[in-house]
Amino acid sequence: MHSIDHYFDWAATSPADEDIVTEALSKTLKCWGNPSSTHQIGKDARVLFEEARNLCAKTLKVKPETIYFTSGGTESDHIPLLALLAKPSKGTVLISSIEHPAVREQAEALKHCGWNVVAIPADKDGVIQPEVVQSLLTSDTMLVCIMAVNNETGVIQPVYKIADTISKWAEGKRKPKFHIDCVQAAGKIPLNLSYEGIDSAAFSSHKICGPRGIGILYSKDKFEPFLRGGGQENGIRSGTENTFGAVAFSKCLERYYIEESEKSSDQYKFFENQKEITNSFVKKLSELKGATIVPESRLNKQELFSPFVVQCAFNNIPGNVMLRALDSKGFCISTGSACSSKKNSRPVLEAMHVDSKLRETSVRFSFGPHTTEKAINELFEAVKEINSTFNR
């Protein structure tokens with residue numbers, strides 16, 4: 001039986017907070033109607049649903065009408081991409097070379113519809129530099145997609161500088177929309193969603209201790225959706241509303257979201273504390289014989305990385321071997337994105353030009369709000385023991 005204390009795959013999913021889920025279930029068992037129905041039972045559900053939207057908007061410091069509930073992070077990434085198909089003419093989409101499959105694979109599908117999809121190369125640290133984005137912008141660029149925090153390496157992208165770069169480039173002409181994937185950022189790093197130049201963002205509940213099957217698309221402006229249906233969510237995302245999911249997610253967002261401007265908040269202090277714990281863990285890993293932090297520059301540039309994701313390669317130990325060895329000791333880790341776990345390739349590491357041997361022997365350790373320093377120390381001792389049998 002694996003303990004939650006030894007769960008280090010938070011980037012894949014998180015255990016749900018029982019108190020929040022129980023409260024949300026209790027409320028929606030009482031208000032079980034369809035929020036779009038016009039009778040009183042439906043109206044009661046609508047009140048609960050809109051309370052959840054308002055709480056999300058209050059937490060993110062945006063207007064309630066910019067919040068759309070979806071089925072999760074993937075759909076929240078898909079909607080802005082698919083909306084391009086509703087436009088009368090085709091153009092160019094820029095996506096970072098280290099995007100999650102939700103964006104990368106959907107962008108590939110757009111190619112078959114005649115769109116020009118251009119990958120923005122990352123540097124050796126896995127960072128998308130603003131000047132590189134600027135060099136690829138063209139008059140027909142309609143959308144730029146860049147994830148705020150990479151799900152495999154934890155690198156934090158300079159999304160605010162990129163937003164400024166796009167806006168400055170577009171002065172006097174049509175500005176491309178700028179979409180950011182915040183799935184690994186919400187509750188993990190400080191965010192400012194209302195920053196000028198950010199047009200839309202994706203969030204997922206089950207990454208921050210909420211239930212699966214619910215997410216948020218933030219969109220500053222209304223747009224024409226490609227997929228149609230019953231017209232729910234102001235026409236942007238049709239389908240019967242998930243009241244339970246919305247209520248639970250709103251509470252998780254309130255509990256864990258780290259607002260960039262509120263440095264005295266408990267959430268911000270938690271973030272600062274996690275940085276110290278993770279920096280110590282990274283340093284100890286790097287001192288093991290045959291161990292390589294990916295990217296190696298993280299040792300000197302910790303500020304560029306989320307303290308909740310660490311990538312490390314171990315000489316002579318294929319990633320799947322390290323995973324199984326730790327699993328036998330009761331520790332859960334991963335070899336990368338859970339969405340790509342059945343594929344042998346590591347597109348993110350390839351885009352960073354990481355050596356093939358390092359890609360093969362690389363694993364991901366990811367943490368969450370319930371991960372303790374004691375548990376991380378125990379993880380290190382287990383890794384140290386396994387590593388010593390292969391690298392004497």
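Buried means under 20% relative accessible area, exposed means over 50%, and partly exposed is in between, with a 1.4 Å probe and protein chains only. The model is predicted, so local features need pLDDT of at least 70 and side-chain atom pairs count only at pLDDT 80 or more, while totals for chains, interfaces and linings use all residues. Residues are numbered from 1 along each chain as its sequence is written, and side-chain values use heavy atoms, with hydrogens and water left out.

**Charged pairs**

Select Lys-177 and Asp-221 to start. Their side chains meet in a salt bridge at 3.2 Å, N to O; the term covers a side-chain nitrogen of Lys or Arg within 4 Å of a carboxyl oxygen of Asp or Glu. Lys-177 is in strand 5 (residues 177-181) and Asp-221 in the loop between strand 7 (215-219) and helix 7 (243-256), so the pair links parts of the chain 44 residues apart. Helices (H or I, at least four residues) and strands (E, at least two) are DSSP runs, numbered from the N terminus. Asp-221 is partly exposed, with a relative accessible area of 35%, and Lys-177 is also partly exposed, at 37%.

Next, select Arg-346 and Glu-152. The closest N and O atoms of this salt bridge are 2.9 Å apart. Arg-346 sits in the loop between helix 9 (319-328) and helix 10 (347-351), and Glu-152 in the loop between strand 4 (141-147) and helix 6 (159-169), 194 residues apart. Are these two residues buried or exposed? Arg-346 counts as buried at 10% relative accessibility, and Glu-152 counts as buried at 4%.

Lys-283 and Glu-287 form another salt bridge, with closest N and O atoms 2.6 Å apart; Glu-287 is exposed, at 54% relative accessible area. Then select Arg-46, Glu-50, Arg-53, Glu-233 and Glu-241, which are linked in a network of salt bridges. A search of the whole structure finds 22 salt bridges.

**Interior**

Colour helix 3 (residues 73-83): eight of its 11 residues are buried, so the helix is largely enclosed by the rest of the structure. The buried residues include Gly-73, Ile-79 and Leu-82.

A nonpolar core is a set of buried Ala, Val, Leu, Ile, Met, Phe, Trp, Tyr and Cys residues joined through side-chain atoms within 4.5 Å. The largest one has 96 residues, and Leu-326 and Phe-365 are among those with the most contacts inside it. A second, separate core of 12 residues includes Val-93, Val-103, Leu-143 and Cys-145.

**Rings**

Which rings are linked into a cluster by ring pairs? Select Phe-8, Phe-281, Phe-314, Phe-331, Phe-365 and Phe-367. Rings of Phe, Tyr and Trp (its six-membered ring) pair if their centres lie within 6.5 Å; planes under 30 degrees apart count as stacked, over 60 as edge-to-face and the rest as tilted. The whole structure has 10 aromatic pairs. Phe-8 and Phe-331 are stacked, 6.3 Å centre to centre with 20 degrees between the planes. Phe-8 lies in the segment before helix 1 (18-30) and Phe-331 in the loop between helix 9 and helix 10, 323 residues apart. Phe-8 is buried, at 0% relative accessible area, and Phe-331 counts as buried at 6%. Phe-281 and Phe-365 are edge-to-face, at 5.5 Å and 85 degrees, and both are buried.
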